[in-house]
Amino acid sequence: MTQWENLIQAIQEGNFQGTETLVAALLQEGKSPDDIIQQGIVKALNIVGKKFSEGECFIPEMLIAAKASQTGLEILKPALKKSNYKERGTVVMGTVQGDLHDIGKNIVAMTLAAGGYRVLDLGVDVPPARLVETVKKEQASILALSCLITTTMDSMAGTIKTLAGAGLQGKVKVMIGGPPTTEEFARKIGADFRGKDAYEALLQANRWTGAVN
Amino acid sequence: MSALTPRERLLTALKHQEPDRIPLDLGGFVSTIEAIPFDDLKKYMKKKWETKCFLRDHVDIPEELLVKFGIDTRYVRIKAPKKWKKVIEADNSYLDEWGTRWKKTPSSPYWDPADFPLKNATIDDLEKVPWPDPDDPGRTEGLREEVKRLRESTNYAIVADGPFLGVFEACWVCLRGPEKFFIDMALDKPFVKALFEKVIDIQLRIMKHYLEAVGDLIDVMVVGDDLGGENGPLISPASYREMVKPYHKKLWSFVKKNTNAYLFLHSCGSITRFIPDLIELGIDIINPVQVAAKDMDSKMLKKNFGDKMTFWGGIDTQKVMPYGTPEDVEGEVKKRIADLAPGGGFVLTAVHNIQPGVPPENILRMYEAALKYGRYPIRI
């Protein structure tokens, strides 16, 4: 197996130490951080994400791959800074006001970060004003909203309204996710995309930023 | 067929025979109405009933409404332990007896776990945790006498509500937190096993006291453990078999040995891939039959498992009940009856509790349609 294949396997298995060792070794060999992200980390997450979407792997497998990706990224951070690596975009995300659920959002956050995005995860029960202020302050290109319960879907609509009130609708892409959401609901509230899972979120973010999928 | 008593009706259906009509259920921990839609219903019906709740916002349905709807079940449940009191704090949160913090935010109608007592625990820490006292007498104080009175003075089917969450759900939802626990499932199996051992020991003792009090007086015993999500199982069937199933076997075989009641498993989501295991473990009934989830088509479920499994639930609460017209609700009831009722083995109720936002007209139409179309032989 090549080092790339070993790295992809380590990430899929949630082998944090193995991931760190392989990323460090690839850096040592002179591979660029961007290559390591795209050829290793993102490839691994795409494999796991696709399997998850197709019902071949489940929450534990998604989580350990996402966490392993995070450990790999930590090793890359100094090299990324040194090479003036430009992240693909800034994503502000949160579970909307009134909702305390976060596991799906956390997987999306880890996946987008591993995919080369700067992710500002504001946590749970986040008021619309805070999400929009952060989008403005950090010049985010994507706002990602999550909810688990039907009654907090109104908070999603409220957040997009607040975004529009700040003059940012159309300038910032909005993606939503969570079990009660649908594509129809996304259209109704003015969101740009509704993702079924972290894999779809990454694919769509890449479409928006012109990155290769 | 001449009218059966509610108890006879339910037991006939559970034996996979056709009674006079489909048995109807309302009022359990997983089949009641939440306080907000109940208040809406009261207003609509111009009734002055008290909105009395158990657990969190789960309504104790007034007897008058149960009779009006033709409900065949009556629920009994374990009581609160003496050593624990619900104390709601300034931030609208409280600690349950296991140490989980539950919180209701201003814009949510639900109490949700907000902090987890074992979120940072190591395997050694599990010995030092202040676990609930499974022998607390408060749980069953006076219970036997109450259930005996219900059994002797009525002919309703008596359902013993589940005394706790299933071992898997208790650990990821309440004790450890979802992210940590699902990672443990993959990467720290010794921790998961040690935690499951602790929890199941406590649960077995609680169940022992519960069944000593009511085991010979009940028709159905409820246990629960959510294994599915909207789009599929939460964990792989292989993980389930390796790590969770042995503990389900421990608890459920204990129940089977200590009561003749039918064993009812509440398990949300897409759980089709687990059903053969559940049958093997002696589950007689699955609930809520989340028909909107992946691979949970009611026709397919009946065809593949209907000879061995009773389906209890089935009326969609994700789209039809909240967003449909009363005519849509009637259509939904007809469809599920046609799919699940032939041959018995079906008890009709909503898929889980009726939620805020469900119009009162829809609740009324659900039970009206169930009575209208639920006579055997089914002619839909």
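Student: Which exposed residues does the face of H6(A) turned away from its buried side carry?
Tutor: That face carries A:Glu133, A:Lys136 and A:Lys137, where exposed means over 50% relative accessible area, buried under 20% and partly exposed anything in between, with a 1.4 Å probe and protein chains only. Keep in mind that this is a predicted model, in which local features need pLDDT of at least 70 and side-chain atom pairs count only at pLDDT 80 or more, while totals for chains, interfaces and linings use all residues. Residues are numbered from 1 along each chain as its sequence is written, chains are lettered from A and ligands numbered from 1 in the order in which they are written, and side-chain values use heavy atoms, with hydrogens and water left out.

Student: And which residues of helix H6 in chain A are buried?
Tutor: Within H6(A), which spans residues 128–138, the buried ones are A:Pro128, A:Leu131, A:Val132, A:Thr134 and A:Val135. Helices here are DSSP runs of H or I with at least four residues, strands are runs of E with at least two, and both are numbered from the N terminus.

Student: Why do they count as being on the same side of H6(A)?
Tutor: Because they cover an arc of only 160° around the axis, the arc being that of the directions from the helix axis to the C-beta atoms.

Student: What covers the buried residues of H6(A), then?
Tutor: The cover includes strands S1 (90–95), S2 (118–121) and S3 (142–146) together with helix H7 (153–165), all of chain A, where contact means heavy atoms within 4.5 Å. H6(A) lies across S1, S2 and S3 of chain A and runs at about 170° to S1(A); such angles run from 0 to 180 degrees between N-to-C directions, with axes fitted as lines to C-alpha atoms, for helices over the stretch in contact.

Student: What is the phi of A:Gln139, which follows H6(A)?
Tutor: The phi of A:Gln139 is positive, near 50°.

Student: Switching to the sheet in chain A: in what order do its 5 strands come?
Tutor: The order is S2-S1-S3-S4-S5, in an open sheet with parallel pairing; two strands pair if DSSP finds at least two bridges between them. S2 and S5 (193–195) of chain A stand at the edges with a single partner strand each, so one side of each is left without a neighbour in the sheet. From one strand to the next, the twist averages 25°.

Student: How many bridges join S1(A) to S2(A)?
Tutor: These two parallel strands are joined by 4 bridges, and A:Met93 stands opposite A:Asp121 in S2(A).

Student: Over to chain B: which residues of strand S3 are buried?
Tutor: In S3(B), residues 73–76, both faces are covered, with B:Thr73 and B:Tyr75 buried on one side and B:Arg74 and B:Val76 buried on the other. S3(B) pairs in the parallel sense with S7(B), residues 157–160, over 4 bridges, and B:Arg74 stands opposite B:Ile158 in S7(B).

Student: Is the pairing in the S4-S5-S6 sheet of chain B parallel or antiparallel?
Tutor: The pairing in this open sheet of 3 strands is antiparallel, and the edge strands S4 (93–95) and S6 (112–115) of chain B each pair on one side only. Neighbouring strands are turned by 40° against each other on average, direction ignored.

Student: What is the bridge partner of B:Arg101 in S6(B)?
Tutor: The partner is B:Asp115; S5(B), residues 101–103, and S6(B) pair in the antiparallel sense over 3 bridges.
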